[in-house]
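Here are my comments on the model, as numbered points. Please read them with the structure open.

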Amino acid sequence: MKKKYNELVVAYEELSKCNIQLGKTHENLVLRQEADKARAAELLIANKELAYQNKEKENRAAELLIANIELAYQNEEKEKRAAELIIANKELIYQNQEKENRAMELALVNQDLVREKNYHFRHIGDLENMMFFISHKIRQPVAGILGLTHIIEAEGNLTDLRKIVGYIKESAQSLDKFTREMSDFIVHKQSKE
């Protein structure tokens, strides 16, 4: 029995060792379980944080998608506006060319008008000269001839009559000379034009 007792003591000691070992293992398991719970809590918090971040990323992605759609619309509008501006610019260039053509035409017309004006001024000057010649050079000999014819009618004296005929001849020659000058002047003017 002693043998059994010794075996029991040995078994009890073995069992105590195992029990101690089991206690230590249990403590380790409890510590590990608590660490796992803490880790699980941390993972749960991290998982919630990741879920929140994913939701924020989805919201941001949706905002970016809306912003991209808006930018695409704005780009289309800008392209349309650019096309409209190109057309308007071409129209302005065409209108400027037309204005330049009209300005050149007006400049040519203006030059013609200036030439016509200068011609008319010269022509008016020439007419004024002719009027001067007519009023002074023609009227003087004609007045002289008329005056002499009145004297002839009033007097019948022959000696005076020869003098008067000389004066009439002188006035007629002066009138003839002036009419030739006037003819030359007119021919000269026509050749200039």
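1. A term to begin with: helices here are DSSP runs of H or I, at least four residues long, numbered from the N terminus. Helix H2 covers residues 158–192, and Ser 171 is found in it. Keep in mind that this is a predicted model.

2. Now the overall fold. The protein chain has two helices and zero strands. Its radius of gyration is 67 Å, well over the 16 Å that the globule rule gives for 193 residues, so the chain is more spread out than a compact globule. The box tells the story in another way: along the principal axes, the C-alpha atoms fill roughly 220 × 25 × 20 Å.

3. Next, burial and surface. Of the 193 residues in the protein chain, 4% count as buried. The chain exposes about 17200 Å². Carbon and sulfur atoms supply 60% of that area.

4. Ser 171 deserves a look. Is Ser 171 buried or exposed? Ser 171 is buried, because its relative accessible area of 15% falls under the 20% cut-off. Which residues does it touch, leaving out those up to four places away in sequence? Ser 171 touches Pro 141, Gly 144 and Ile 145.

5. Residues 24 or more positions apart account for 73% of them.

6. Last, charge. The protein chain carries 30 positive and 32 negative charges.

Key: Residues are numbered from 1 along each chain as its sequence is written. This is a predicted model: local features need pLDDT of at least 70, side-chain atom pairs count only at pLDDT 80 or more; totals for chains, interfaces and linings use all residues. Side-chain values use heavy atoms; hydrogens and water are left out. The radius of gyration is taken over C-alpha atoms; the globule rule is 2.2 Å times the number of residues to the power 0.38. Buried means under 20% relative accessible area, exposed over 50%, partly exposed in between (1.4 Å probe, protein chains only). Contact means heavy atoms within 4.5 Å. Accessible areas come from the Shrake-Rupley method with a 1.4 Å probe; for residues, only the protein chains shown count as cover. Lys and Arg count as positive and Asp and Glu as negative; His and the chain ends are not counted. The place of a charge is taken as NZ of Lys, CZ of Arg, CG of Asp or CD of Glu.
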